[in-house]
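Reader: I would like to learn how to read a structure like this one. Could we start with strands and go on from there?

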Amino acid sequence: MKIFSGVPNINFMAQRKTGLWVSSFVTVVSILLVVFRGLNFGIDFTGGVLVEVHYPQAVQLDAVRADLARAQYENPVVQFFGTSSDVLIRLPPTEETSSAKVSTTILDALHASEPNVELRRIEFVGPQVGEELTQDGSLALLLAFIGIAIYIMFRFEWKFAVGAVAALIHDAIMVLGFLSLTWIEFDLTTVAAILALIGYSNNETIVIFDRVRENLLSQRRMEILDVVNLSVNQTLLRSVITHLTTLLVLTALLVMGGKSVHSFSSALMVGVIVATYSSIYVSTGLAVVLNVSREDLVPAEQTDSDVT
Amino acid sequence: MQPYPLWKTITLVIVTLLGALYALPNLYGEDPAVQINTISGDPLPADFAETVQAALAADGLQAQGSRADGGHWVVRFQQSEQQLKAADALKKGLGKGYIVALGLASKTPDWLTAVGAKPMSLGLDLRGGVHFLLEVDVEDARKAAAQRYVTDLPAYLRKQDIRYTGRRQDGERTVLDFADGVARDAARKAIAKEYPELQLEAAEGSSALTATLTDAEVKRIVDFAVQQNLTTLRNRVNQLGVAEPLVQRQGSNRIVVQLPSVQDTTRVKDLLGATATLEYRAVDETGSADSAAASGIIPPGTELFYTREGRRPVLLKREVIAAGLNLVDAAATVDENGTPAVSVTLDSQGAKRMYDFTEKSVGKPMAVLFRETVYETNYNAEGVPLRESREVEEIISIASIRGVFGKRFQTTGLTSKEAHSLALLLKAGALAAPVEIVEERTVGPSLGADNIRKGFMAALVGLGLVSLFMVVYYKVFGVFAIAALSLNLVLVVAVLSILGAALTVPGIAGIVLHMGIAVDANVLIYERIREEMRNGIKPGEAIQHGYDRAFLTIADANVTVLIGTVMLFALGAGPVKGFAITLAIGILTSQFTAIVGSRALAQLVFGRRQRMTDLPIW
């Protein structure tokens, strides 16, 4: 099966400036969203208590709230989780040190009116642990950026490294903006998704960079802009197909994988789509705007003269 | 097309076979089983098989298999109903000294176990269970330790006839005032000799002396507090009868407790709340402990207790010489003769009483009584929880007093193992640093089973969709890609099984995601082959170019994904680590399967066809 009969010839780089402007604009919007609307942080980061229970039959949330009120829990967040017999209860973190006992008290309160309620999961995260998880997550992201930048500088050149890291930050911010907009819960697995996305998105960039380097060597007379355009076109089909297969498995995960991987798979799906765009317009586009030249990437001529 | 190097084909075949071999144990299910350990950690007796057999036969139960397996004894059953009955029968039949726990035993055949193959271990979010993260309040322990010196140092100076004019506590520092510099220097010298754990500083311009704990001492106190809680927790968790419990130190002052298949968190929290203490007491030698135990008539001024090992009755005097709160340190060591011993350090109050007592009791025996308050939550007929406490009192050591001692002394005449366990028990009985639960994650068994089912389905559907797409798009080469992808999955499972890394829900997500990414390598190669052929290159050469040129690109791309994964592994918590591990393994194995694996297949099918004009790749 073929999508194109030959290598497509789309002049991507003609819109490189427009592309960068669009990216900057959307990035700013995403940042504003995250800053002013915030993220729906899960208890991994905020601390607090989460109890998931399963009732043998459908329940009224008000009945559950009444049970909890009797146990002196005035303002719990009570919501259905998937079905009307699965209930999720959240309590904000408390100052008391005995908050670990909360989960037990909640269960006792629910058992009082429905002895057959089944415990699915309890999560309690103390505020200090939440803080640490936030710190470690941010640190992991930062170190991943730095590590990838160093690797690309070593394998390619600093202008490419700037482009690649800009694309990664761009993608991560887009996903955060999306999570803020849709108010999907942000938990530890979401951090994992963003880190996986960074790797994935960079994969895209590297494939294009690799091709640019190869073409710079083989097409010596071509203008740099044309070389970049040719490279993007040559790798376009591969990008489309890879995104398609990745989106296929992510869809499977989103639909079949259950609620616990919901934020993971939706964050990655958005990320994968954004990564297609950013690998062309942000990373490659930025490298071009930074005036990447043949000499930056082709040390081969030097070695030739060394030999003689 | 050039012939494919033989060694690559052979490597591929060997890797495939090994991968299949080590992934195989995951296909056998599990039997309900009962695991038996000795509480002391001693090896099981030689005739244990018969003992177990007898205990089961007494209740008319028949085991499917009964044998030692890596440190514990495993008895298998066909149904979980039998397993529950057998656990009760064994608890009754074996008596104290054994831990009887419910668990699951893999049905992996012996020949596989013999080569070290074992099934993947499942994380708590897949098998259900309790995870606690406890934090030891080391600040409290540190403060308590520092405060001791404001009474200890003056007491010591009085004994040494060095006069001080004032004493006070300043945060964690003890400040002593002296009339003049001479007295201060004398005090400094004396204190430095007796208390090497203190850092002494003479204040400028005054005759005061400041004592602070050295960094090494602070570290020792923190370690002691954590070790103490760790020991206590291990002991109590063992009493719970849980198969494969994990009690482990994490970082400087935290302890992880993981109990698979446990749902009753109330019971676990009760255990964590238990408190222990110990008492040094004189052994009463005038009365007969045996007759007191038999008749129930206990001589006045004494109490009857039993030893922990052997349940021997012993009469102890009522007076307490030193108690748990006086204990500063206890450690297994060797004495000057090189034989195992336990060295104990008491605070000044305990030291003084110990000195007074030993002065008049040389040659007489002294015992250590271990007391533990255990809480239990039982449910009455209406299902209302009732919290009850129970006192456990045991004698853990009896030794003759060989000389007069106070602050520091040694208990000798022990085997190295006895010394170790006595030191641990003494630590457990010292004044405990409080612990606090800072994280709890409990997963019910139904949710765990759901997670496995959903994860498996998602992986299967993902694999199916990708396979379908690849075959439609790349025809025969699509089949090669599927073969490479399947081999890759087998390898990921094999490596996970060998490493013993726990599979978690994010771990499954990692495997599913990685399937999407892994085919990318094949897509890169195939698109390259197509391109080469469009440029008029012959099919055989196109295959070769495609694989050769794509290699570096794939490697570069994989390295960057690995960088992200390594950061995630280093800094991520619990389940997220599982994601990082599966993704990392997947990336490494896919580099091999996509390049070597699918190429060998292409070579096998198309390698000998000399006059090919086209490839079934379109």
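Reader: Which residue stands opposite Glu439(B) where strands E6 and E22 of chain B pair?

Author: Strands of a sheet pair through backbone hydrogen bonds, either parallel or antiparallel. In this predicted model, Leu133(B) stands opposite Glu439(B) in E22(B). The two strands, E6 (residues 129–136) and E22 (residues 435–443) of chain B, run antiparallel and are joined by eight bridges.

Reader: What stands opposite Glu439(B) in the pairing of E22(B) with E4(A)?

Author: That residue is Val125(A). E4(A) and E22(B) pair over five bridges, in the antiparallel sense.

Reader: How many strands form the sheet, and in what order?

Author: Eight strands form an open sheet, with antiparallel pairing. The order is E2(A)-E3(A)-E1(A)-E4(A)-E22(B)-E6(B)-E12(B)-E11(B).

Reader: Which strands stand at the edges?

Author: They are strand E2 (77–81) of chain A and strand E11 (246–250) of chain B. Each has a single partner strand, so one side of each is left without a neighbour in the sheet. On average, neighbouring strands of this sheet are turned by 20° against each other, direction ignored.

Reader: Which helix lies across strands E1 and E4 of chain A and E22 of chain B?

Author: Helix H13 (residues 445–499) of chain B does.

Reader: How many residues of chain A are in contact with chain B?

Author: On the chain A side there are 65 residues, in contact with 66 residues of chain B. Several elements of chain A each supply at least two residues of the side that touches chain B, among them helix H4 (102–113), E4, helix H5 (127–155) and H9. By class, that side of chain A has 36 nonpolar, 19 polar and 10 charged residues.

Reader: Now a pair of helices. At what angle do H1 and H9 of chain A pack?

Author: Helix H1 (residues 16–37) and helix H9 (residues 262–289) of chain A pack at an angle of about 125°, and their axes are 10 Å apart. That angle makes H1(A) oblique to H9(A). The crossing of H1(A) past H9(A) is left-handed.

Reader: Which residues of H1(A) and H9(A) meet?

Author: From H1(A) come Arg16(A), Gly19(A), Leu20(A) and Ser23(A). They meet Tyr281(A), Val282(A), Gly285(A), Leu286(A), Val288(A) and Val289(A) in H9(A). By class, the contact of H1(A) with H9(A) has six nonpolar, three polar and one charged residues.

Terms used:
Residues numbered from 1 in each chain as written. Chains lettered and ligands numbered in written order. Predicted model: local features only at pLDDT ≥ 70, side-chain atom pairs only at ≥ 80, totals over all residues. Axes fitted to C-alpha atoms, helices over the stretch in contact; angles between N-to-C directions. Helix = DSSP H or I, 4+ residues; strand = E, 2+ residues; numbered from the N terminus. Parallel < 35°, antiparallel > 145°, perpendicular 65-115°, else oblique. Left-handed = near helix turned anticlockwise from the far one by under 90°. Contact = placed C-beta atoms within 7 Å. Nonpolar A, V, L, I, M, F, W, Y, C, P; charged D, E, K, R; others polar. Pairing = 2+ DSSP bridges.
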